[in-house]
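These are my notebook entries on a structure I looked up. I set down each item in the order in which I consulted it.

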Amino acid sequence: RVKKLPKDFVWGGATAAYQVEGATKVDGKGKTMWDDYLKAQGRFSPDPASDFYHLYPKDVALSKKYGLNAIRLSISWTRIFPKGYGEPVQAGVDYYHRLFKECLDNGIEPYVSLHHFDSPKTLFDDGDWLNRKNIDYFVDYARFCFDEFTEIKHWFTINELISLAYSQYIQGNFPPSHKFDVTSAIQAEHNELLAHARVVNLFKDNHYDGKIGLIHVLQPVYPYPETPENQHAADLSDAFMNAFLLDGTFKGEYTDKTMNLINEILDANDAKLDIEPGDMEILKKASTRNDYFGLNYYQPSYFAAYDGDSTNHFNGTGEKGTSSFKFKGVGQAVKNPNIPTTDWDWNIYPEGLYDILKRVSSEYPNSKEMFVTENGLGLKEELPEGATQDTIINDDKRIDFVDQHMEAILKARSEGVNVNGYFIWSLQDQFSWANGYNKRYGLFFIDFATQKRYIKKSALWYKALANTMK
Ligand code: BGP
């Protein structure tokens, strides 16, 4: 259906350091919050992942060959500062210079995040984002990167602030695996916003050359069925997942409407949020200084009112229909029978992307320019028997998914929404934090045992669309 990309559209693929690099124990790298946790869990290992630490030239070459003009990368904080602070490790610094050069030499523009779910273990053990001292360390690390990596012109501070706060302290599927610890979750949201804002202010005060923003994953929440009670549950969930963060980022204040909903949730859970004097000034100052906004979109949720205690089950295995989520004082996630779902129970609804783009553009004009920095479809995929390097792996479902979401983007664009790029999640197959290696998203298939790359049909489709820009 999508026939043509707009001229100069950013057409990229996304990665995250810890999900692709592997090599977690080499060249002086320090542990992240994941190393010991994954080991204790015993489900899967972050090594070798996609062995991007060694094989990045292959993936960059494939990106070029298949028409991409951009790539999302993240810097692993602990490759440079093993403890999160102290003296930089030269080998880590050198690796990122090599990687960035490889991209730039091949006409692939790097969009670089400073933090993608991989806090240094030392700082994680000391409270992660809940400890304000760690915000200072993050600002120091950011300053180091801005001074050092002057070849980078497109920065993001933090990827998906909510996914961290929510997965760590509500859903319990990221370390430290707290469930429904509402105080920690809301405080982490606020503190991450503060960390982002301080880094944006640093970047702008020092007139670094380039652009900066952050990435939120947005999940529109719809009532199902549509009743006033269910609408209220949807509003509460939206405040917790979306509005609090969007307000903090682009308004520099939490609006009364948002705070009334948040306070209702806090009261129901005996939770509290601590905003220190000066915090809101920092957010306010940064709120007009983001150059762009990275929006990740996978799915909406459907919510109904709910009266009981909090309980949940996270589907991290791909056994369809096993997830459940009931949040005291908020509501419960329900299945909308009209909406198809993936094996991991993710709702497939491209119009949700249109809705959320329109909302951000009208309610949050300080978002300025937007990029869809992640969107894609996780599938169980296998290498066909007897596959050779010429085998093309059929992923028509993924093509259809991306095509429909691109349609939603182009529709929003035609109505004046300033969205200028798309990064598929993911560039190549990689490991998924809470799902392991059987949930594949890539344009390029990786046989993790041999580390060989194979082409999926979606890569050909990606290239065909890239050619329409010429
Ligand atoms: C986003 C993250 C990515 C990635 C993706 C897919 O939340 O930014 O790091 O993992 O979601 O999610 P999952 O791996 O859980 O399927």
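Entry 1, Asp47. I began with a polar side-chain atom of Asp47, which lies 2.8 Å from the backbone nitrogen of Ala23. I note at the outset that the model is a predicted one. I placed Asp47 in the loop between helix 2 and helix 3. I then listed its contacts, leaving aside neighbours within four places in sequence: Asp47 is in contact with Gly22, Ala23, Thr24, Lys25 and Tyr437. Is Asp47 buried, partly exposed or exposed? I recorded a relative accessible area of 27% for Asp47; buried requires under 20% and exposed over 50%, so Asp47 counts as partly exposed. I also looked up Pro384, which stands 337 residues from Asp47 along the chain; the C-alpha atoms of the two are separated by 24 Å.

I found Asp51 in the loop between helix 2 (35–41) and helix 3 (52–65). Which side chain of opposite charge is nearest to Asp51? I identified Arg453, at 6.6 Å. A salt bridge needs the charged atoms within 4 Å, and I recorded Asp51 as buried yet without a salt bridge. I did find a polar contact of 2.8 Å between the side chains of Asp51 and His54. Not counting residues up to four places away in sequence, Asp51 touches Val20, Glu21 and Gln451.

How many residues surround the ligand? I noted 14, the closest being Gln19, Glu160, Ser432, Lys439 and Tyr441. I then looked up individual polar distances. For Gln19, an N or O atom of the side chain is 2.7 Å from an oxygen atom of the ligand. For Ser432, the corresponding distance from a side-chain N or O atom to a ligand oxygen is 2.5 Å. For Trp433, I recorded 2.9 Å between a polar side-chain atom and an oxygen atom of the ligand.

Which members of the largest nonpolar core touch the most other members? I found that they are Trp11 and Trp155, in a core of 154 residues. Helix 9 (residues 182–205) gives the most to this core, with 12 residues. I then looked up the contacts of Trp155, not counting residues up to four places away in sequence. Among them are Ile75, Val112, Leu114, Cys145, Phe146 and Phe149. I also noted that Trp155 touches Phe203, Lys211, Ile212, Gly213 and Tyr292.

How values were computed
Residues numbered from 1 in each chain as written. Predicted model: local features only at pLDDT ≥ 70, side-chain atom pairs only at ≥ 80, totals over all residues. Heavy atoms only, no water. Helix = DSSP H or I, 4+ residues; strand = E, 2+ residues; numbered from the N terminus. Buried < 20%, exposed > 50% of the residue type's maximum accessible area, 1.4 Å probe, protein only. Lys, Arg positive; Asp, Glu negative; His and termini not counted. Polar contact = N/O pair within 3.5 Å; in protein donor to acceptor, adjacent residues only side chain to side chain. Contact = heavy atoms within 4.5 Å. Core = buried A, V, L, I, M, F, W, Y, C linked by side-chain atoms within 4.5 Å. Near = heavy atom within 4 Å.
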